[in-house]
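Subject: Structure for you to look at

Hi,

Here is the structure I promised to pass on. Please open it, then read my notes below.

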Amino acid sequence: MRRGDVDDDDAMRGMPDGDGATPAGGIDAEVASQPACWLRAAGLAASVAHLLPAPGERVAVTGCGTSWFIAQSYAALREASDQGETDAFAASEMPARRRYDRVVVLSRSGTTTEILQLLDRLPGAVPTVAITAGAQAPVAEAAGATIALDFADELSVVQTRFATTELALLRAHLGQDMTEVAAAAQKALAEPLPAALTGATQFTFLGTGWSYGLANEAALKLREAAGMWTEAYPAMEYRHGPISVTGPGSVVWLLGPAPDGLPAEVAAAGGLAWLSGRDPLAELVLVQRLAATVARARGLDPDRPRNLTRSVILAPPAREGDPPDPPGDLNARSFVTGLGPR
């Protein structure tokens, strides 16, 4: 481990046992552990503050899949907090020559090819910090500093608690109190899933500001785990085309405040506008529960969705003179899989 890295043992030394944030197998246990994980991450914020963006820095934050959507939420939160200009990119799309004071990379596995390639492309003078699930992951060697949230790692391929825990850490670093958010999530875990949600056939998630990233993540959870038809948009964009898919069986789920008149327009189109008033991160917990429940109702395994792996690791390009890939050998052509907990 390099100077400046923080792993769970260093950061959490002295933390009492039995806080409910220990690793557990299965998406249900991982979803249920989130309030405890968030509070534990919030307790880390002060000890890792020197690694995270300082007020006034121009920052890029990047990830792939779920991590990209968490990056979107953090970027919007940081700018709204007047901490400095903050851009969010999918790792494959980040302009490596654009000047930033710091780059934050988010990667649960720490093995994703696009993240490692980006870190290799960045100028060496740019401070980089990776938030990952393991201090020994390849990203920890590639980044200048590492924050390892080992306690939030997961067995499920589908990300839930790791992504929300890193966002809880980042929100706490921005000065937000996560206590009430964790309490709201606990209520979202305890309440029954409404039949209006479990029986829906199509979902559109809407967000505003930082909750737009969570709307993207909510839609992804239902696509990944349950194979459902879902979309996500900034809330004010819903009227500019997406409303056309709304009808009987549609749920328009608002993460955050609803634009004036929009719930009535959803109802007029034949859909159901769902708005709980909870903190959007706590509301995401209900979406995660729904995704697992609908998956099982469809005979699917929400922990091991089809066509998905824990990490996308691209095979290196073929060199001249290499033998051709064997027919049907998907791993040799595109990626190798890693389904273990680390």
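Helices α7 and α12 are roughly antiparallel to each other (an angle over 145 degrees). The axes of α7 (residues 161-173) and α12 (residues 280-297) come within 11 Å and cross at roughly 175°. Axes are lines fitted to C-alpha atoms over the stretch in contact, and angles run from 0 to 180 degrees between N-to-C directions. Helices (H or I, at least four residues) and strands (E, at least two) are DSSP runs, numbered from the N terminus.

Thr164, Leu167 and Arg171 of α7 make the contact with Leu281, Leu284 and Gln288 of α12. Contact means heavy atoms within 4.5 Å.

Some background: this is a predicted model, where local features need pLDDT of at least 70, side-chain atom pairs count only at pLDDT 80 or more, and totals for chains, interfaces and linings use all residues. Residues are numbered from 1 along each chain as its sequence is written, and side-chain values use heavy atoms, with hydrogens and water left out.

Now the other helix pair. The axes of α4 (residues 66-80) and α10 (residues 211-226) come within 7 Å and cross at roughly 160°. That makes α4 roughly antiparallel to α10. Among the contact residues are Phe69 and Ile70 of α4, and Leu214 and Leu220 of α10.

Last, the strands. β6 (residues 202-207) and β7 (residues 229-234) pair in the parallel sense over six bridges; pairing takes at least two bridges found by DSSP. Leu206 stands opposite Tyr233 in β7. From β6, the chain crosses through α10 to β7.

Best wishes

Key: Angles under 35 degrees count as roughly parallel, over 145 as roughly antiparallel, 65 to 115 as roughly perpendicular and the rest as oblique. A crossover is right-handed if, with the strands pointing away from the viewer, the path from the first strand over the helix to the second runs clockwise.
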